[in-house]
Amino acid sequence: MPIEAIEPQRLYRQISDQLRKLIVEGEFAVGSRLPSERDLALQLGVSRPSLREALIALEVEGHIEVRMGSGIYVCPPVQRERRINLSSEEGPLELIRAREMIEGEVAYAAAQHGSKQQIAAVEEAYALMISNAQAGIDPLEADRLFHIRLAEATGNSVLVGLVTQLFDARLGPLFKRLHSHFDGTRVWQEAIDEHALVMEALRQRNPEQARAAMRRHMDIAFTRYSANLIREYGDRVQQQERPRKRTVRKSDTQLK
C-alpha cells in the first residue's frame with residue numbers, strides 16, 4: 001500500500017468537521033439554537049476568529065442558519081445544500097492578516113518608488129470607488145483595481161500577482177458569505193475613508209505613512225469581520241437612513 005502524504009488540515013475545517021458531526025448525529029437538534037459564539041469557543045478551546053470561519057463554512061454548506069438579532073440555528077437535512085468542497089478555501093480572517101503583512105509593504109514600496117503615472121492610476125481607482133459608492137454601485141471591482149494598481153506601482157510583477165491572488169480569494173464562497181453579514185453603505189464608506197489615508201500618503205510620497213495606513217485598513221477589516229455574527233454591524237437602520245455623503249474634492253481625483 002503506497003504511503004500518502006498527510007496534509008495538515010486548516011483549523012477552521014477541524015472545528016467545522018467536529019460541529020458538523022454533532023449536527024448530523026443529532027447532538028444539536030434540527031431547529032435548535034447553537035450556544036453563543038463565546039460559549040462555543042470556550043468549549044472547543046479555540047479562538048473566536050477560528051470559530052467564526054468554521055461557522056461560516058457550515059452556513060455555506062447549509063447546516064446552520066444565521067438569524068440576525070436571534071442566533072444560529074440548525075437547519076433541517078432537506079435544506080442542507082449538496083456538500084461543497086471547501087478544502088482549497090483559506091480562512092477569510094487569515095487572508096486579511098496575510099494581506100495586512102504583505103500589502104503594508106506594498107504600500108510602502110509604491111509610495112517610495114511609484115512613478116507619477118502609476119500613482120495617478122491608483123488615484124483613478126480610488127476616485128472610481130467614491131463615484132460607484134455614491135451611485136449605489138458595488139465598489140468591489142474598483143477596490144480590487146485600487147489594490148492591484150498599488151502593487152503595480154512597486155514595479156514588482158511578483159507582488160502584482162500575489163496581491164491579485166489574495167484579493168481574489170475574497171471572491172470565494174467563505175469570504176463572500178462572511179462579507180454578506182457586514183455589507184452595507186456604512187461599511188463601504190468606512191473602507192473608502194481608510195483608502196483615503198493610503199491615497200494621501202501616496203500623494204505625499206511618505207512610505208511610512210502609506211504602510212501604516214494600509215495596515216490600519218486591514219486591521220479595521222479584521223475587527224469588522226470579527227464582530228458577532230448575529231448582531232448588526234453598527235445600526236443597519238441608521239446605515240440606510242442616514243448615509244454619509246462624501247464630496248469628491250479636486251484633491252481626491254488629481255495629484256498634488
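Here are some questions and answers on the predicted model shown above.

Reader: Before we start, what kind of model is this and how are residues numbered?
Author: It's a predicted model, where local features need pLDDT of at least 70, side-chain atom pairs count only at pLDDT 80 or more, and totals for chains, interfaces and linings use all residues. Side-chain values use heavy atoms, with hydrogens and water left out, and residues are numbered from 1 along each chain as its sequence is written.

Reader: How many helices and strands does the chain have, and in which order do they run?
Author: Helices (H or I, at least four residues) and strands (E, at least two) are DSSP runs, numbered from the N terminus. On that basis the chain has 12 helices and 2 strands. From the N terminus on, the order is α-α-α-β-β-α-α-α-α-α-α-α-α-α.

Reader: What share of the residues in the chain is buried?
Author: Buried means under 20% relative accessible area, exposed over 50%, and partly exposed in between (1.4 Å probe, protein chains only). Among the 256 residues of the chain, the buried share is 45%.

Reader: Of the contacts with a separation of 6 or more, what share comes from residues 24 or more positions apart?
Author: A contact here means heavy atoms within 4.5 Å. For residues 24 or more positions apart, the share is 76%.

Reader: How do helix 2 and helix 3 sit: roughly parallel or roughly perpendicular?
Author: Axes are lines fitted to C-alpha atoms, for helices over the stretch in contact, and angles run from 0 to 180 degrees between N-to-C directions. Under 35 degrees counts as roughly parallel, over 145 as roughly antiparallel, 65 to 115 as roughly perpendicular and the rest as oblique. Helix 2 (residues 37-44) packs on helix 3 at about 105°, with the axes 9 Å apart. That makes the two helices roughly perpendicular.

Reader: Which residues make that contact, and how do they divide by class?
Author: Helix 2 brings E37, R38, L40, A41 and L44, while helix 3 brings R48, L51, R52 and L55. For the classes, Ala, Val, Leu, Ile, Met, Phe, Trp, Tyr, Cys and Pro count as nonpolar, Asp, Glu, Lys and Arg as charged, and the others, Gly among them, as polar. The tally is 5 nonpolar, no polar and 4 charged residues.

Reader: And what is the arrangement of helix 3 with helix 4?
Author: Helix 3 (residues 48-61) and helix 4 (residues 92-113) pack at about 125°, axes 8 Å apart. P49, R52 and E53 of helix 3 meet P92, L93 and E94 of helix 4. Given the angle, the two helices are therefore oblique to each other.

Reader: Which residues form the aromatic cluster?
Author: Rings of Phe, Tyr and Trp (its six-membered ring) pair if their centres lie within 6.5 Å; planes under 30 degrees apart count as stacked, over 60 as edge-to-face and the rest as tilted. F175 and Y225 are edge-to-face at 5.5 Å centre to centre, with 80° between the planes. F182 and Y225 are edge-to-face too, at 5.8 Å and 80°. The one cluster is made of F175, F182 and Y225.

Reader: How far apart in sequence are the parts that the pair of F182 and Y225 ties together?
Author: F182 counts as buried because its relative accessibility is 1%, and Y225 does so at 6%. F182 lies in the loop between helix 8 and helix 9 (185-203) and Y225 in helix 10, so the parts tied together are apart by 43 residues.

Reader: Is R205 buried or partly exposed?
Author: R205 lies in the loop between helix 9 and helix 10. Though not a glycine, R205 has a positive phi of about 55°. With 37% relative accessibility, R205 counts as partly exposed.
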